[in-house]
Amino acid sequence: EFVKMIFDFNVAENMPNGTIVDSVSAIDPDQGRSGQITYALDNSASSIPFTVFPSGQIITRSTFDREDVPMYEFTVLAVDNGTLPLTSSVTVRVTITDKNDNKPIFSFPKENFNNTIRIWNSLPIDSIIATIQAFDYDYEENGNVNFFIISGDDENMFYLNPSTGSL
């Protein structure tokens, strides 16, 4: 019998093939060979990019990109070494945690396309003249985009809201 009903593990995206994820474990109160347990992936999990060793240790067989597949779920078997082997199964969920591996992409303005903003010289001070737009494929805080003017406004004539992109 497995010590948990579901095993939840995390592994960071972009980690190398062969990274140790964690281990599953089960208990068998039988004595001798009947109490010895070996672990394996369920046959239906053959396309899962993980290896389960007989010891229960799970390693990666691939490098992961959280933006492509954020989580894997598969079944691991525990088989005792009795004359008539008994089997138990458990669900394993591996969440791929995000690394900040994608840079923001501007949707407005775009270089060499829509990068000009025209304003009236009579526009009142503090008017919003444009909203800079960008997105990032990363997850949660790694996908947050902040906006800054880094050059070209030497006289501080413009204010760019760092969180909304309003200029």
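Buried residues make up 28% of the 167 residues in this protein, where buried means under 20% relative accessible area, exposed over 50%, and partly exposed in between (1.4 Å probe, protein chains only). This is a predicted model, in which local features need pLDDT of at least 70 and side-chain atom pairs count only at pLDDT 80 or more, while totals for chains, interfaces and linings use all residues. Residues are numbered from 1 along each chain as its sequence is written, and side-chain values use heavy atoms, with hydrogens and water left out.

**Overall build**

- You'll find zero helices and nine strands here; helices (H or I, at least four residues) and strands (E, at least two) are DSSP runs, numbered from the N terminus.
- Going along the sequence, the pattern reads β-β-β-β-β-β-β-β-β.
- The protein has a radius of gyration of 27 Å, well over the 15 Å that the globule rule gives for 167 residues, so it is more spread out than a compact globule. That radius is taken over C-alpha atoms, and the globule rule is 2.2 Å times the number of residues to the power 0.38.
- Taken along the principal axes, the box filled by the C-alpha atoms is roughly 90 × 25 × 25 Å.
- F106 itself belongs to strand 8 and counts as partly exposed, at 44% relative accessibility.

**Aromatic rings**

- A search of the whole structure turns up eight aromatic pairs. Rings of Phe, Tyr and Trp (its six-membered ring) pair if their centres lie within 6.5 Å; planes under 30 degrees apart count as stacked, over 60 as edge-to-face and the rest as tilted.
- One of these pairs is F2 with Y39: the ring centres are 6.1 Å apart and the planes are at 50 degrees, so the pair is tilted.
- This pair ties together distant parts of the chain, with F2 in the segment before strand 1 (6–12) and Y39 in strand 3 (residues 37–41), 37 residues apart.
- F2 counts as buried at 8% relative accessibility, and Y39 is buried with a value of 8% too.
- F64 and Y72 also make a tilted pair, because their ring centres are 5.3 Å apart and their planes are at 55 degrees.
- F64 is buried at 4% relative accessible area, and Y72 counts as buried at 16%.
- F2, F7, F9 and Y39 are linked into a cluster by ring pairs.
- Y139 has a charge over its ring: the charged end of R66 sits there, 3.6 Å from the ring centre. The test is that NZ of Lys or CZ of Arg lies within 6 Å of the ring centre and within 35 degrees of the ring normal.

**Pockets**

- The largest pocket has a volume of about 660 Å³. On a 1 Å grid over the protein atoms alone, a pocket is an open set of points where a 1.4 Å probe fits, with protein on both sides within 12 Å along at least five of seven lines, and lining residues have an atom within 4 Å of a point. Grid points are joined across faces, edges and corners, and the volume is the space filled by probe spheres set on the points.
- The largest pocket is lined by 24 residues, and I132, F148, I149, I150 and L160 are the closest to its centre.
- Its lining has 16 nonpolar, six polar and two charged residues. Ala, Val, Leu, Ile, Met, Phe, Trp, Tyr, Cys and Pro count as nonpolar, Asp, Glu, Lys and Arg as charged, and the others, Gly among them, as polar.
- The second largest pocket holds about 400 Å³ of space.
- Among the 17 residues lining the second largest pocket, the closest to its centre are I125, D126, S127, M157 and F158.

- Most residues other than glycine have a negative phi, and most peptide bonds are trans.
- The peptide bond from F108 to P109 is cis, with omega near -5 degrees, and P109 lies in the loop between strand 8 (105–108) and strand 9 (133–135).
- D126 sits in the loop between strand 8 and strand 9; D126 is not a glycine, yet has a positive phi of about 70 degrees. D126 is exposed, with a relative accessible area of 75%.
- N14, in the loop between strand 1 and strand 2 (20–23), has a positive phi of about 70 degrees although it is not a glycine. At 40% relative accessibility, N14 is partly exposed.
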